[in-house]
Structures are given as C-alpha cells and as structure tokens.
Amino acid sequence: MIQRSQLDLRKFVAPEFICGHGALRLAGRYARNFGMRHVLLVTDPGVRAAGWAEAVADSLTEAGVSFTVFDAVSSNPRSRQVMAGKEAYLAEECNGIVTVGGGSPMDCAKGIGIASSNMRDILAFEGVDRVPVPAPPLICIPTTAGSSADVSQFAIITDEERKRKIAIVSKTLVPDISLLDPEPLTTMPRELTVDTGMDTLSHAIEAYVSNASSPMTDVHALEAIRLITSALPAAIEEPDDLDLRFSTLLASLHAGLAFSNASLGAVHAMAHSLGGAYDLVHGRCNALLLEHVMAANYEAASDRYERIGAIVGRGESTPAEKVAAFRRALGVTETLAEAGVREDAIPALAAAAYNDPCMVTNPRSPACDEIERIYMHAF
Ligand SMILES: [Fe+2]
C-alpha cells in the first residue's frame, strides 16, 4: 500500500482557461490583452487542412494582431522542429505564441517559447524545474481531447539523435490561457479520437494511483475517468455531437489538472520509450500498455485500483480486465508486435523506461526485468 498522508505538502498549478462553444474565437482578444503585436502561430498541416488554424488567424487579424504561421511540426515533435520554430520566432520578431492543434504542436510551441527566451537548445531543459527564464506569453487552443498540454506543465520532445523522448517539466510551460472549444474536436478522425481518449484515461488512472497524488488531484482524476469512460464510446459513434465532444474535452481538462500536479507512472514511462524508438502514436502506446501496468501495480494500490474499476465497468472482473474490455470495445485490439515492435528491442525499451521521470511516481518501483515482462504481456 502507498504510505502517505493527506497532510503531505502538495502544490497545485493550473492555467487560466475558458471552456465552451466559441472559445477558439477569443484568441485575438486574448493575444491583444497579453500585449502581443506579432504572434508565432504554431500548428500542423492536418489542423490547417481542417480549417482551425485559419479560424484562429482570422480572430488574430480581427483584433489587429499580425502573425507568422509555423506548421513544420510532426507527431512526436522533434528537437530540430522546436529549434526551427525558435529561429522563425526570432527572425519574425515575435513577442508571443498562439498554438492550435493536438499535443504535438502544443508541446512544440512550449519548446519554442523556452528555447527562445533562454537562447538555448531545447534538449538542455530535460528534467524537472530546469528552465531559468520564463517563456513569452502562450495561448493554447487544443483540437484533440487527450494530451492536456493545454493545462499541463509538461512538454515531451523527441531527441532524434538518441531516438528517445525527453520530458521537460516546469511551471514556465503552463500556458497563460487555454481556450477549450468543442468544435475543433468534430473534425478528428475516429482513430485519433480513440487514441487521444485512451491517453486521457491513462493520465487520469496514473495520476490517481501516483505516489504524488493529493486530495486536489484525486477529485480531478476520478471525474476524468467517469467522463471519458461514459462519453468516449458515444462520441465515436456521433462525432458531430458537440455535447459529447465537450464531455471528452472536460475529461481531458480534469485529467490534465490531475496529472500535471500528481505526475504519471509506468504506462507513460514505457510509452515514451516506445514512442521515441518507434515513432508510434502516443495514445495508442498507452492503450496497449495500460491494463498490463495496472495488473503489475495492483497490489501496491489495490484500494485505488478497485475504485477505478468500479467506475470503468460492472461485474466481478479485475480493474485491469475492465480497462481491457473498454479498450477492445473501442476497436483497439492489436499487439505491440503487430504495431511493429521487435521483441529483441525490449531490454533497451525497458532500460529507457526505467530512467524516465514518470517512473518516479509509479506506485511501485519495478526493476528492469519486471518492466521487460510487462512489455511482453502486451506482445
Ligand atoms: Fe499522455
């Protein structure tokens, strides 16, 4: 069992945010309020094609704020992309950043902000509280309901040379404001809705069992689990339903508030390692690992896992089995082998996961060979 007291010292950091239909169109007003004259608008080609970057650009123009678009961002954003964004930010003499998109453009935008203000390579900030100079003002507009980069103090960047993801954790990465609008979610394809939803569920579960959890994070984690498990299956069937999309966005918000403050665990440590080595979709990695980590962790936080299980599903099965059934019902049925992971890569994957900062708050500390066995269960 986790030995902790409700009296343990804990802090809680959250950005200002506005939720509701039409929030996206407030981008220009807030950019002006923050004194932005020329903005770097960070997005990606998919979000541009769906029209959301243009909607934000129109809002900026209406408010009299000029901008330069930077959309050279891939999924699992690379350190080189962050540094190219920093060059664009400085060359265009920007004094603020607005980002519209999923976790990748948002994390890239956060990276561009601190790389610009500190004039250093993004990889220099790996770890916790290693950003000396605050970033320029940042407005986040998420178009997925999963990464929670719009509320968290995290940015995950891929180090291409070492083929691994680095985690940057700093209060300077908390946006100045996030505009949470359900409408952009309606253009997400089914797979992205599923994968980002499973990321939300993983954030909430890992934050709830984290050994840095607190009464404040527990409330948000449990509400996120309730919202995402009830709204996600319906949102997939009715992708244009704004109420359902908003419920998934709220779930992501609650999960983000929980994990930004309680941190994560072995699921994310192992998913970061997989995503760095194989460039796989982050939410899909979590979906394939979550139930196996829950089973391995169960004895260390059984009361908490039972509470999670009671929210996820009815019946006598274990919490891990209930999460597995939820995943299968969403159509996520592949194995790591089918996702292209090679069995002989497991020792290196486990070693990277062992050293990931998310492992520190897992309710138990698995040895490398145990992490290898968890990967094997997902094969
Ligand atoms: Fe995540």
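The legends below describe an overall view and several close-up views of one predicted protein model.

Residues are numbered from 1 along each chain as its sequence is written, and side-chain values use heavy atoms, with hydrogens and water left out. Because the model is predicted, local features need pLDDT of at least 70 and side-chain atom pairs count only at pLDDT 80 or more, while totals for chains, interfaces and linings use all residues.

Figure 1. Helices (H or I, at least four residues) and strands (E, at least two) are DSSP runs, numbered from the N terminus. Along the principal axes, the C-alpha atoms fill a box of roughly 60 × 45 × 40 Å. Of the 379 residues, 60% are buried, where buried means under 20% relative accessible area, exposed over 50%, and partly exposed in between (1.4 Å probe, protein chains only). Among contacts with a separation of 6 or more, 80% join residues 24 or more positions apart, a contact being heavy atoms within 4.5 Å.

**Figure 2. The largest cavity, with about 60 Å³ of space.** A search of the whole structure finds 2 cavities of 30 Å³ or more. On a 1 Å grid over the protein atoms alone, a cavity is a set of points where a 1.4 Å probe fits but cannot get out, and lining residues have an atom within 4 Å of a point; grid points are joined across faces, edges and corners, and a volume is the space filled by probe spheres set on the points. The lining of the largest cavity consists of R164, K165, H272, S273, A352, N355, D356 and P357, and the elements that give two or more residues to this lining are β8 (164-169) and α9 (266-278). By class, the lining has 2 nonpolar, 3 polar and 3 charged residues, with Ala, Val, Leu, Ile, Met, Phe, Trp, Tyr, Cys and Pro counted as nonpolar, Asp, Glu, Lys and Arg as charged, and the others, Gly among them, as polar.

**Figure 3. The second largest cavity, also with about 60 Å³ of space.** This cavity is lined by 15 residues, of which E206, V209, N297, Y305 and N362 lie nearest its centre. Two or more lining residues come from each of α6 (190-209) and α10 (282-297), and α10 gives the most, with 4 residues. The lining of the second largest cavity has 9 nonpolar, 5 polar and 1 charged residues.

**Figure 4. P366 in the loop between α13 (346-354) and α14 (368-377).** P366 is buried, with a relative accessible area of 5%. Not counting residues up to four places away in sequence, P366 touches Y354, M359 and I371. P366 and A266 are 100 residues apart in sequence, and their C-alpha atoms are 8.6 Å apart in space.

Methods: 1 Å grid on protein atoms, 1.4 Å probe; cavity = no way out; pocket = protein on both sides within 12 Å on 5 of 7 lines; lining within 4 Å.
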